[in-house]
Amino acid sequence: MREIRIGFLQQHNVADVQDNISRIATEIADLARRGAQLIILQELHNSLYFCQVEDVANFDLAEPIPGPSTDFYSQLARQYGVVIVTSLFEKRAPGLYHNTAVVIEKDGSIAGKYRKMHIPDDPAYYEKFYFTPGDLGFHPIQTSVGKLGVLVCWDQWYPEAARLMALQGADMLIYPTAIGYAASDNADEQQRQREAWTTVMRGHAVANGLPVVAVNRVGFEPDPSGQTEGIQFWGSSFVAGPQGEIHYRACDDDEESIVMDIDLDHSEDVRRWWPFLRDRRIDHYGDITKRFID
C-alpha cells in the first residue's frame, strides 16, 4: 500500500500579515510533529482576502517567485522534511500579477508552480482586477510524495481542469480555496452553495478515480469598502477518496489542523472497477473546446 500522511490548515486570517505567517509556521511545525509528509495551505494564506475590493494599494501585497515567502516556506519545508503546498500573490513583472500555488519540496527546493487559470469576477470576489489568468496550463507537479494535481479555488468548478490533471498521471487533486457565505443569502441558500461546492469536487474524485483535498479559509472578513456585509468563509475543508467518499470534513465556523492518511494505491483499484478513462470517446469530444455550440 502506497500511503502518505497529509496535513492541512483551515485558518482564520487577520489584517496583520506577519501574524498570519507566524501562526502558519507554528501549525506547520505541529503538523510535521504529528507525522504529516504533505502540508496543504489555503488560498492566499498570508493575508486577508483582499479581492473584496478593487484597490490598487493591494498590489503591494504581491511578491516575486522566488521571493520572501518562498524563501520562508522553503526553510520550513527543509527544517521539518515536509512537502508544502502554498498559495501566493505573485508579482511576475510590473503590472503583471498572478494567483499562484507554489509546491515546496522537502529539501526546500521549488518543485513547481501553478498559476490559477479560471479567474472569477463577482461581487466581493473581484479577482480579475488583480490576477492575470494563468499561462502554465494544467500539469501535475512531481514531488517526493507523489504527483500533485494542484489547482486553485474557482478552478474547482471545472471538470476539464481535473480531467487534464488526471490524464497526466496526478496522484491526487488539491484545491487551496477562499470561498464563503454572502450575508444577503438566506441560510438555506448558503447551505445549498456549500454543499454544491463539496459535491462538485467529490464528482471530480469519482470521475477521475482520484483522492481530492480542498482546503478553505474560515471566519469573518469585513468588506473594507463597506459596500457589502463582508464574507463569512465557510471552512468545511475536506478529504475525499477516489469514489467520492468523505474521509474527513472540517467544521464551517472554526480553525482546524488535521492529519490523516491517504492510500494512493486505492485509485488503481477503483479505476479497475470503474474504467471511466478506458471508455472515453475522445474521437467525439472536439466541440468541448468551443465557447458554445449553436
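Trainee: How much space lies in the second largest pocket?

Mentor: Keep in mind that this is a predicted model. The second largest pocket is lined by 24 residues. The space that lies in this pocket is about 460 Å³.

Trainee: Which residues lie nearest the centre of the second largest pocket?

Mentor: Start with the lining as a whole, which divides into 15 nonpolar, five polar and four charged residues. Out of the 24 lining residues, those nearest the centre are Pro123, Ala124, Tyr125, Gly180 and Ala182.

Trainee: And which element gives the largest share of that second largest pocket's lining?

Mentor: Two elements give two or more residues each: β11 (180-182) and β14 (231-234). The largest share is three residues, and the element they come from is β11.

Trainee: On to the largest pocket: what volume does it have?

Mentor: Here's the idea behind it: rolling a probe the size of a water molecule over the atoms shows where empty space is left. For the largest pocket, the volume comes to about 640 Å³.

Trainee: Which residues are the closest to the centre of the largest pocket?

Mentor: There are 18 residues lining the largest pocket. By class they are nine nonpolar, four polar and five charged. The closest to the centre are Pro159, Glu160, Ala161, Ile288 and Thr289.

Trainee: Which element gives the most to the lining of the largest pocket?

Mentor: The elements giving two or more residues are α3 (159-167) and α4 (187-208). With five residues, the one that gives the most is α3.

Trainee: Which residue in β5 is the bridge partner of isoleucine 104?

Mentor: Strand β4 covers residues 96-104, and five bridges join it to β5. The two strands run antiparallel. Across from isoleucine 104, the bridge partner in β5 is isoleucine 110.

Technical notes
Residues numbered from 1 in each chain as written. Predicted model: local features only at pLDDT ≥ 70, side-chain atom pairs only at ≥ 80, totals over all residues. Heavy atoms only, no water. 1 Å grid on protein atoms, 1.4 Å probe; cavity = no way out; pocket = protein on both sides within 12 Å on 5 of 7 lines; lining within 4 Å. Points joined across faces, edges and corners; volume = space filled by probe spheres on them. Helix = DSSP H or I, 4+ residues; strand = E, 2+ residues; numbered from the N terminus. Nonpolar A, V, L, I, M, F, W, Y, C, P; charged D, E, K, R; others polar. Pairing = 2+ DSSP bridges.
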